[in-house]
Amino acid sequence: QLVLPDPNRHAEGVRVMQRAIRKRPFAAVAYYFLANLLWEQRQFHEATDMYRFAAALDDREEQFAEGYFRAARVLEQTPEAMRFLQTRYNRTKGKLAAPARALFYALSEQDEMQSAFGVLEQSAKGQTEPATDDKNASEVGDVLLFAAEMRTNYNGPKKGSELLEAA
């Protein structure tokens with residue numbers, strides 16, 4: 001990340017990230033940093049692939065999915081990115097906050113607000129049962145807090161308050 005602002009060190013950064021990926025092929029953050037470097041080098045297709053790998057490897061890190069979506073939009077691959085985000089969300093069944101947030105943001109950037117709020121409603125509906133462990137309780141709370149914040153931000157203060165109480 002330190003080499004990103006210095007174009008003279010991009011090649012070095014790419015080599016370091018490629019080495020990191022060889023040593024830890026399931027470390028999503030290495031793919032994400034490599035994607036950032038490739039993007040800066042204007043290797044947009046390769047960078048988009050790396051963003052997608054990062055997002056696929058880590059469902060809990062929203063910035064990886066958002067990076068992939070934004071890169072895919074630039075390359076006019078929006079339908080593919082939307083399918084990826086929808087599948088990612090469906091796989092977690094709305095029980096993780098990051099896939100729900102990433103899909104909400106992608107839909108809202110496409111001006112599909114009804115669908116975006118449908119994702120939040122579905123996630124919130126699936127979170128009404130009490131959590132069975134601390135990790136699950138945290139995810140439940142994150143999903144409900146995000147839904148409450150978005151409802152309030154988009155002129156739904158009553159529904160936002162209800163979701164906040166549920167959280």
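I began with the aromatic residues and noted one aromatic cluster formed by Tyr-32, Phe-33, Trp-39, Phe-44, Tyr-51 and Phe-64. The model is predicted, so I kept to its rules: local features need pLDDT of at least 70, side-chain atom pairs count only at pLDDT 80 or more, and totals for chains, interfaces and linings use all residues. Residues are numbered from 1 along each chain as its sequence is written, and side-chain values use heavy atoms, with hydrogens and water left out.

**Aromatic pairs**

I searched the whole structure and got 13 aromatic pairs. Rings of Phe, Tyr and Trp (its six-membered ring) pair if their centres lie within 6.5 Å; planes under 30 degrees apart are stacked, over 60 edge-to-face, and the rest tilted. I looked up Tyr-32 and Tyr-51: the ring centres are 5.6 Å apart and the planes are at 65 degrees, so this pair is edge-to-face. Tyr-32 is in helix 2 and Tyr-51 in helix 3, so the pair ties together parts 19 residues apart in sequence. Both Tyr-32 and Tyr-51 are buried (under 20% relative accessible area, with exposed over 50% and partly exposed in between; 1.4 Å probe, protein chains only).

I then took Tyr-68 in helix 4 and Phe-84 in helix 5, a pair that ties together parts 16 residues apart in sequence. Tyr-68 counts as buried at 1% relative accessibility, and Phe-84 at 11%.

**Charges over rings**

I found the charged end of Arg-151 over the ring of Phe-117, 4.0 Å from its centre. The charged end of Arg-101 sits over the ring of Phe-146, 5.9 Å from its centre. The test asks for NZ of Lys or CZ of Arg within 6 Å of the ring centre and within 35 degrees of the ring normal.

**Chain and core**

I counted 9 helices and 0 strands in the protein chain; these are DSSP runs (H or I, at least four residues; E, at least two), numbered from the N terminus. Buried residues make up 44% of the 167 residues.

The largest nonpolar core has 45 residues, and Leu-34, Tyr-51, Leu-85, Leu-103, Phe-104 and Leu-120 have the most contacts inside it. Helix 2 gives the most to this core, with 8 residues. Such a core is a set of buried Ala, Val, Leu, Ile, Met, Phe, Trp, Tyr and Cys residues joined through side-chain atoms within 4.5 Å. For Leu-34, leaving aside neighbours within four places in sequence, I listed contacts (heavy atoms within 4.5 Å) with Val-14, Met-17, Gln-18, Ile-21 and Met-50.

**Helix 6**

I checked cover on helix 6: 10 of its 13 residues are buried, including Leu-103 and Phe-104.
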